[in-house]
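This briefing concerns the contacts of aromatic rings in one protein model. Please consult the sequence and the coordinates alongside the text.

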Amino acid sequence: MRLDLNYASVETIYVTIWASPNVSLHLGKVENADEIWKNHVGIRLQPPIGEDRASELGKWQEREVKVSGSSWDVNTIDIAAAGLGWFSLGLKGEATLALWTYDGVEITLREPLVLDRAPFLERPGFWLPKAVSDAIGSQSKLESQKRKKFEESTDDLSEVSA
């Protein structure tokens, strides 16, 4: 799921993300979103788990969502995606958003389940579940070890030939 801000009549919109701690998150700029998606879907961005699984889920599509609210002190609307979680938005004004999901994922706009917004602000970048972070770290370590062994064997061969 991806949420882009296309238009806002206000400067501040608070977004609280409600999802399983096993779901990877990335906060960033809309200009970089397509490249981040292409490079990280199924790896750092999960679900889906595995690069090959993304194509099995159907078409990745954009839906326009128009929202309005009367206060940014509390959440004024939820945008829920079946089986994934939801965004709670607090805004005083109007906004047009683009919500990206796979074809067939049901989207619901509703009154907020939780009025309070998140008590802290996150920094841009990846927020990965520990299991995903550990797996990526292990994979990087193995690749580094293989590269080092290859370089050492190449050095040994050049010494033998000299």
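The model is predicted: local features need pLDDT of at least 70, side-chain atom pairs count only at pLDDT 80 or more, and totals for chains, interfaces and linings use all residues. Residues are numbered from 1 along each chain as its sequence is written, and side-chain values use heavy atoms, with hydrogens and water left out.

**Aromatic pairs**
- Three aromatic pairs are found in a search of the whole structure; rings of Phe, Tyr and Trp (its six-membered ring) pair if their centres lie within 6.5 Å, and planes under 30 degrees apart count as stacked, over 60 as edge-to-face and the rest as tilted.
- Trp18 and Trp86 are stacked, because their ring centres are 5.7 Å apart and their planes at 15 degrees.
- This pair links distant parts of the chain, 68 residues apart: Trp18 is in strand β2 (residues 13–19) and Trp86 in strand β6 (residues 85–102); strands (E, at least two residues) are DSSP runs, numbered from the N terminus.
- Trp60 and Trp100 are also stacked, with ring centres 6.3 Å apart and planes at 25 degrees.
- Trp60 in strand β4 (residues 60–71) and Trp100 in strand β6 are 40 residues apart, so that pair too links distant parts of the chain.
- Trp60, Trp100 and Tyr102 form a cluster linked by ring pairs.

**Burial**
- Trp18 is partly exposed, at 31% relative accessible area; buried means under 20%, exposed over 50% and partly exposed in between (1.4 Å probe, protein chains only).
- Trp60 is buried at 19%, and Trp100 is buried at 15%.

**Charge over a ring**
- Arg110 lies over the face of Trp86, 4.8 Å from the ring centre; the criterion is NZ of Lys or CZ of Arg within 6 Å of the ring centre and within 35 degrees of the ring normal.

Definitions and conventions. Helices (H or I, at least four residues) and strands (E, at least two) are DSSP runs, numbered from the N terminus.
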